[in-house]
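Here is my note on the model you sent, arranged as numbered points. Please read it with the structure open.

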Amino acid sequence: MKNIDGQTAVYGIIGNPIGHTLSPVIHNTISEKMGINSVYVPFRADDDLKAMTKGLFSLGVKGVNVTVPYKTDIIGELCGLDPLAKEIGAVNTLKYTKEGYYGYNTDILGLDRELEDEGIDLKGKDTVILGAGGAARAVAFLCASKSPASITIVNRTKSKAQAIEADIKAYPGNSAGSETTVVKSLTTEDIGAYDRDGIIVFQCTNLGLSPHENECVIADRGFYDRVSAGIDLIYRPAETLFMKYVKSAGGRAYNGLKMLIYQAVCACEIWNEIKLPEEVIREIEKTLKQFV
Ligand code: NAP
């Protein structure tokens, strides 16, 4: 049981639905391990983002995470935006400032940290992004900043993949420059036309998630022979069908748990202007494994 007193700082997460979130477990574990006098709670939001942001701000809520479906719409209520979050067009972390809430995208900072942790370097590699929703879009911007040989966005609805493709090509932070990084879009049905090997694949669709646990967006097993590493953003179940296919073809497979943990770690570091020790991050990982 937490010791809550008159000095306790309040943090939270807004979204709808919100009952499934693991963020309170992560953040309350961090504050306990770090001896920070704070509490983190879920807020089920309605769609009145203006009233909600004003209410949180006037009550002095120090930091807020934002989840589905508000990651883009909340931007209009903020006093400022981190440049990367602005390019992506989505935020998941708000920090209280005197002027209002300032927005960041720690989903992507978290994935970046996971890749570093796992020793996955995208430079010069062929990358494939499965999906073209909010998460895929953020992953595409991360890839673009890492000088890969190519980025291929594969989505059931090709127009959505093409919209991300166009934004990536126009992205000034595209470190490779659009002349050297090939960016293109395919539909999931066209995947047979993909011909690179040793690829790094990010699975950013909902397939694999309940009630689609036994589904995978690319059913063609031949595709997996080309994969050296597959990162599924889904963390529940801990091993998706996509991950099983990658592993059985000899590739390395990762779920989205580390990304989830690191997005929280990055948020906490931004809020408190600290660096969390490695042993605290390992403790969170151990705690979370009981929940997935
Ligand atoms: P989203 O914006 O709703 O996008 C969903 C994507 O899945 C779209 O590309 C959609 O294709 C595709 N899709 C859905 N059903 C499909 C089907 N039956 N067949 C083929 N494609 C299908 O969702 P999101 O916010 O990007 O999230 C995507 C996943 O990432 C979720 O599983 C989420 O849990 C996970 N995620 C994890 C983390 C983490 O920290 N680990 C963070 C963010 C997100 P269409 O465009 O054709 O509809």
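**Notes on the model**

1. Ser31 is found in helix H1 (residues 23-34); helices here are DSSP runs of H or I with at least four residues, strands are runs of E with at least two, and both are numbered from the N terminus. With a relative accessibility of 3%, Ser31 counts as buried, the classes being buried for under 20% relative accessible area, exposed for over 50% and partly exposed in between, with a 1.4 Å probe and protein chains only. A polar atom of the Ser31 side chain lies 3.2 Å from the backbone oxygen of Asn28, which falls under the definition of a polar contact (a pair of N or O atoms within 3.5 Å; within protein, one must be able to donate a hydrogen and the other to accept it, and residues adjacent in sequence count only if both atoms are side-chain atoms). Leaving aside residues up to four places away in sequence, Ser31 touches Lys2, Ile36 and Ser38, where contact means heavy atoms within 4.5 Å.

2. A word on the basis of these values: this is a predicted model, in which local features need pLDDT of at least 70 and side-chain atom pairs count only at pLDDT 80 or more, while totals for chains, interfaces and linings use all residues. Residues are numbered from 1 along each chain as its sequence is written, and side-chain values use heavy atoms, with hydrogens and water left out.

3. Lys95 lies in strand S5 (residues 93-97) and, at 14% relative accessibility, counts as buried. A polar atom of the Lys95 side chain is 3.5 Å from the backbone oxygen of Trp271. Not counting residues up to four places away in sequence, Lys95 touches Lys62, Gly100, Tyr101, Tyr102, Tyr104, Ile270, Trp271 and Glu273.

4. Next, the sheet. An open sheet is formed by 6 strands in the order S9-S8-S7-S10-S11-S12, with parallel pairing; two strands pair if DSSP finds at least two bridges between them. S9 and S12 are the edge strands, each pairing on one side only. On average, neighbouring strands of this sheet are turned by 15 degrees against each other, direction ignored. Helix H6 (residues 158-169) packs on the sheet and touches S8 and S9, its direction making about 170 degrees with that of S9; axes are lines fitted to C-alpha atoms, for helices over the stretch in contact, and angles run from 0 to 180 degrees between N-to-C directions.

5. Strand S11 (residues 227-232) is mostly covered, since 5 of its 6 residues are buried. S11, helix H7 (residues 241-248) and S12 make a right-handed β-α-β unit, a crossover being right-handed if, with the strands pointing away from the viewer, the path from the first strand over the helix to the second runs clockwise.

6. How many salt bridges does a search of the whole structure find? The search finds 18, a salt bridge being a side-chain nitrogen of Lys or Arg within 4 Å of a carboxyl oxygen of Asp or Glu. One of them joins Lys146 and Asp112, with the closest N and O atoms 2.9 Å apart. Lys146 lies in the loop between helix H5 (134-144) and strand S8 (150-154) and Asp112 in helix H4 (residues 106-118), so this pair ties together parts that are 34 residues apart in sequence. Lys146 is partly exposed at 27% relative accessibility, and Asp112 is partly exposed at 23%.

7. Asp126 and Arg196 also meet in a salt bridge through their side chains (2.6 Å, N to O). This pair links distant parts of the chain, 70 residues apart, with Asp126 in strand S7 (residues 126-130) and Arg196 in the loop between strand S9 (182-186) and S10. Asp126 is buried, with a relative accessible area of 12%, whereas Arg196 is partly exposed at 28%.

8. In helix H9 (residues 278-289), Glu283 and Lys286 are 3 residues apart and therefore separated by about one helical turn; their side chains meet in a salt bridge (3.7 Å, N to O). Glu283 is partly exposed, with a relative accessible area of 27%, and Lys286 is exposed, with 57%. Salt bridges that share partners join Asp117, Glu118, Lys258, Glu278, Arg282, Glu285 and Lys289 into one network.
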